[in-house]
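Here's a quick briefing to read alongside the model. Have the sequence and the 3D view open as you go.

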Amino acid sequence: MSEYNRASVIRYYRKQKNMTQEELAEGICDTYTLSRYENGTLNPSEENFQKLMNKLEMPEETILFNLQTEDVNIEKVRNRLLWLFEKGDYQGAENEIEEIIRKNQLPLMYVENRQFLYRIRLVVEQRRGKLSLNQYILSLENLLKESFKDYDSEKFVNKYFYTENELLILNNIAIAYGEAGKYETACRIFSSVIWQMEKVSYMDGYKPYYLLMVNYANILGLHQKYDESIEMCRKGISWLLKWEKGNCLYNFIYNIGWNYIEKSKGLSGEESLRLRKTGLLYIWEAYELCELYPERKENLKHIKKYFEKNKIV
C-alpha cells in the first residue's frame with residue numbers, strides 16, 4: 001500500500017468513528033506523528049498501522065472503496081469527467097482530462113488522482129483506436145502497480161485494501177484479457193477479486209462490485225459457461241437489491257435471459273423450447289426495467305432487437 005493510501009485510510013476511518021487525532025494517537029504515537037501519517041508526509045510502520053487499525057476496530061476483511069473528499073470543487077471536477085466518460089463522449093472526456101491536468105485541478109502527486117485520470121484516458125484511447133489491446137493492458141497494469149506493488153496477472157493474490165480506482169482498473173484489465181483471448185487470466189482476476197469482496201464487512205459504494213460481477217457474467221456467458229453466468233447474475237441482483245440500485249438491475253436480468261436463449265440453441269425439443277421461453281421472459285423484463293429507469297436508455301433498442309430476433313413465432 002502506498003503512503004498516500006495509508007494516510008487516506010487512517011484519516012477516513014478516524015472521521016467515520018468520530019475520533020479526534022488525540023484520541024486515536026493515545027498509546028500509539030504522539031498527535032504530531034499521527035497528523036503526519038494522515039497528511040502523507042510520514043509513512044507509519046507496519047506495527048503502528050496495525051495498532052491504529054485495531055483501535056479503529058477495522059477487521060482484516062475490510063476493503064476500502066473510494067475515499068470521500070471534503071473539497072466540493074474536486075468532486076465537481078471528478079463528476080463532470082465521469083459524466084462525459086460514461087455517456088460515451090470520448091472527445092469531451094479527453095479534452096476535460098487535458099484541462100484538469102493543465103489547471104492542476106487534481107494534483108498528480110497523489111496516486112489516487114493519477115489512477116483516476118489515467119484509467120479513463122487509457123480506456124478512451126483504446127476505444128478510439130489510439131492504443132493496441134496489448135499496449136492498453138500493459139499501460140493499465142503499470143498504472144495499477146503504482147499502488148498494488150505485488151500485482152501479477154498470472155499469480156493473482158488479493159491485497160488487504162482496495163481503492164475504487166484499483167478495482168475499476170482491475171475490471172478493465174480483466175475485460176481486456178478476455179478480449180485478447182486470455183480467458184483463464186480474465187477469470188482468475190474476476191473470480192479472485194469477487195471472492196475477496198464477498199467476505200468483506202464494509203464497503204463504501206456499490207459500483208465497482210457491480211461492474212466486476214456483470215462483466216464476469218458476460219465473459220462466462222460468451223464462453224458458454226451459461227449456468228455459471230446465470231449464478232453470477234443472480235448474485236449481482238441480490239447485491240443491487242441490497243443497495244436499492246434498481247437502475248442497474250436490467251443488465252443482470254438481460255444476461256440471464258441471454259444465457260437461457262443461447263443455451264437453448266444447443267438443445268432440441270421441449271427442453272430447448274422451455275429455455276427459450278424462459279429467456280424471452282427475462283429479456284422482456286429487462287426491457288421494461290431499462291425503460292423505467294434512466295441508467296442507459298440507448299440500450300433499449302439493443303434489448304428489443306435481441307428479443308425480436310429470438311422470439312417464438
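What is the mean pLDDT of the chain? It's 88, with 91% of residues at 70 or more; pLDDT is the predictor's confidence in each residue, from 0 to 100. This is a predicted model, so local features need pLDDT of at least 70 and side-chain atom pairs count only at 80 or more, while totals for chains, interfaces and linings use all residues. Residues are numbered from 1 along each chain as its sequence is written, and side-chain values use heavy atoms, leaving out hydrogens and water.

**Confidence by element**
- Helices are DSSP runs (H or I, at least four residues), as are strands (E, at least two), numbered from the N terminus.

**Aromatic rings**
- A search of the whole structure turns up 14 aromatic pairs (rings of Phe, Tyr and Trp, the last by its six-membered ring, with centres within 6.5 Å; stacked means planes under 30 degrees apart, edge-to-face over 60, tilted the rest).
- Phe 190 and Tyr 216 make a stacked pair, 5.5 Å centre to centre with 25° between the planes.
- Phe 190 sits in helix α10 (residues 183–198) and Tyr 216 in helix α11 (residues 207–222), so their pair ties together parts 26 residues apart in sequence.
- Both Phe 190 and Tyr 216 are buried (under 20% relative accessible area; exposed is over 50%, partly exposed in between; 1.4 Å probe, protein chains only).
- Phe 148, Tyr 151, Phe 156 and Tyr 162 are linked into a cluster by ring pairs.

**Cysteines**
- The whole-structure search finds zero disulfides (pairs of cysteine sulfur atoms within 2.5 Å).
- Cys 233 is buried at 0% relative accessibility, and its sulfur is 13 Å from the closest cysteine sulfur, in Cys 248, too far for a bond.
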